[in-house]
Each structure stands twice: as C-alpha cells, then as structure tokens.
Amino acid sequence: MELEKGPIFQDNNFVFTEFNGLKLLELVVCEIPETKEPLIVYIKIENHNFYQYFLDAGIGFWQNWNIIDKDEDDSYNYIDKTHEFDLFGKIISKIWCEPQKNNSQIIIAFEEGKKLILRTVNPDIFDSECELILIK
C-alpha cells in the first residue's frame, strides 16, 4: 500500500519501517555536476513508486512524491547508482536517520550486511557538503 504523497519525516532522528523486508529496485542520485555532491537520493522499492531523501539544515528529510522530476531543472545530473553499488534486488532490513555531530545521517541497512549512508563530509561543520557511501 502506497503512503500518502508528501513529506513523511523532517527530523534528525527517525525510523522508516515500511520498506523493511522489501527489495530495492532502483537508486538514482541527483547530483551537482561540478562537485558530484548528492542533493537528493531517489529509491524505488518493490510495490512502491519513487521515494526521495536528503539532508538539509542539519536534519534528514524522507518524502514520497512518487516520481523523479528530471525536467524540473536540467542543471543537475541524475545518475542511476543501482548497479554501481550492486543494490538491485537487495532486501532492506532497516532505514533510519540519526544525529551525526552538528548534522544528521540517513542509513539504509540491507539484510546481507551492506549499509548505504547519506552523510555530511565534515559533520563538525553545520550543513556541510554531503556524500553517499556504501559500507560492505
């Protein structure tokens, strides 16, 4: 069952349980071309449309807008990272956001042990540049 469209969480500490036990089908990152900084991460999960998440002003955002609006602004790159990170079909065990010094980080943990983390490069600096990393 699809959740209602719009913001779901805007906080430095939350747990999103609706995708626990479901397969990730697609991971697309909206990034700044010059720096490769991820601005928004889009994920598509089995039986669901696209959800998006990002960090801003020191907190994590988790939203459901059902689509990726690539036509809204062509000054960004939309990069499919599903196969680069080898995440197609991987089963999600937990999604959460937690404080990280002066910022937050959003973590998607997979049953096989991998973790996809959206965090700030320098957590001591409020609202610093973000990075998306995979820990195996």
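Select Lys101 and Asp124: their side chains form a salt bridge, with N and O 3.6 Å apart (a salt bridge is a side-chain nitrogen of Lys or Arg within 4 Å of a carboxyl oxygen of Asp or Glu). Lys101 sits in the loop between β8 and β9 and Asp124 in the loop between β10 and β11 (130–135), so the pair links parts 23 residues apart in sequence. Strands are DSSP runs of E, at least two residues, numbered from the N terminus. Lys101 is exposed at 61% relative accessibility, and Asp124 is partly exposed at 46%. Buried means under 20% relative accessible area, exposed over 50%, partly exposed in between (1.4 Å probe, protein chains only).

This is a predicted model: local features need pLDDT of at least 70, side-chain atom pairs count only at pLDDT 80 or more, and totals for chains, interfaces and linings use all residues. Residues are numbered from 1 along each chain as its sequence is written, and side-chain values use heavy atoms, with hydrogens and water left out.

Next, select Asp86 and Lys114, a salt bridge at 3.5 Å, N to O. Asp86 lies in the loop between β7 (77–80) and β8 (92–100), Lys114 in the loop between β9 (103–110) and β10 (115–120), so parts 28 residues apart in sequence are tied together. Asp86 is partly exposed at 43%, whereas Lys114 is buried at 8%.

Then go to Cys30, in strand β3 (residues 24–31). Cys30 is buried, at 3% relative accessible area. Beyond neighbours within four places in sequence, the contacts of Cys30 include Glu37, Tyr42 and Tyr76 (contact: heavy atoms within 4.5 Å).

Technical notes:
Helices (H or I, at least four residues) and strands (E, at least two) are DSSP runs, numbered from the N terminus.
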